[in-house]
Amino acid sequence: MSNCGRPCVVSLSSTGRFSYIFGDLESADPTHTKALNDLIPRYLAAPEGFLHRHERPQFLRENILGRLPPQESSSDLVTALKVKR
């Protein structure tokens with residue numbers, strides 16, 4: 001990733017689910033690894049993988065770089081763009 005200012009980046013995604021990008025991780029830090037391991041079952045259990053800030057492990061609340069909706073999202077947070085032709 002072109003993210004050299006916030007190294008060690010992890011992306012979490014799955015078909016039909018929101019995708020998340022987290023940065024400022026340290027691969028040797030066990031608290032970072034634990035946060036990621038705690039995140040995965042929460043992500044899989046959530047509708048469309050959408051997690052509110054308070055539903056993510058503490059460390060991953062502040063280290064999010066992006067959250068991208070799935071193309072066919074039913075979330076009320078996603079508004080379809082209207083393209084003029």
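Helix H1 (residues 30-45) has His32, Ala35, Leu39 and Tyr43 as its buried residues, where buried means under 20% relative accessible area, exposed over 50% and partly exposed in between, for a 1.4 Å probe and protein chains only. This is a predicted model, in which local features need pLDDT of at least 70 and side-chain atom pairs count only at pLDDT 80 or more, while totals for chains, interfaces and linings use all residues. Residues are numbered from 1 along each chain as its sequence is written, and side-chain values use heavy atoms, with hydrogens and water left out.

An α-helix has 3.6 residues a turn, so residues three or four places apart point the same way. The cover over the buried residues of H1 includes strand S1 (10-12), S2 and helix H2 (58-62); helices (H or I, at least four residues) and strands (E, at least two) are DSSP runs, numbered from the N terminus. At 1.5 Å a residue, the 16 residues of H1 should span 22 Å, and the 24 Å between its end C-alpha atoms agrees with this, the expected span being 1.5 Å times one less than the number of residues.

The strands make an open sheet in the order S1-S2-S3, with antiparallel pairing, where two strands pair if DSSP finds at least two bridges between them. The edge strands are S1 and S3, each of which pairs on one side only. From one strand to the next the twist averages 10 degrees. H1 packs on the sheet, touching S1 and S2, and its direction makes about 15 degrees with that of S1; axes are lines fitted to C-alpha atoms, for helices over the stretch in contact, and angles run from 0 to 180 degrees between N-to-C directions.

Within the sheet, S1 and S2 pair over 3 bridges, and Leu12 stands opposite Tyr20 in S2. These two strands, S1 and S2, form a hairpin with 6 residues between them, and Gly16 in the turn has a positive phi of about 75 degrees. On the other pairing, S2 and strand S3 (residues 64-68) are joined over 4 bridges, with Leu68 in S3 as the bridge partner of Ser19. Ser19 and Ile21 point one way from S2 and Tyr20 and Phe22 the other way, and all are buried.

The largest nonpolar core has 12 residues, among them Leu12, Tyr20, Phe22, Ala35, Leu39, Tyr43 and Leu60; such a core is a set of buried Ala, Val, Leu, Ile, Met, Phe, Trp, Tyr and Cys residues joined through side-chain atoms within 4.5 Å. Strand S2 (19-22) and H1 each supply at least two residues of this core, and its largest share, 3 residues, comes from H1. Leaving aside neighbours within four places in sequence, Leu60 is in contact (heavy atoms within 4.5 Å) with Phe22, Leu25, Ala35, Leu36 and Leu39.
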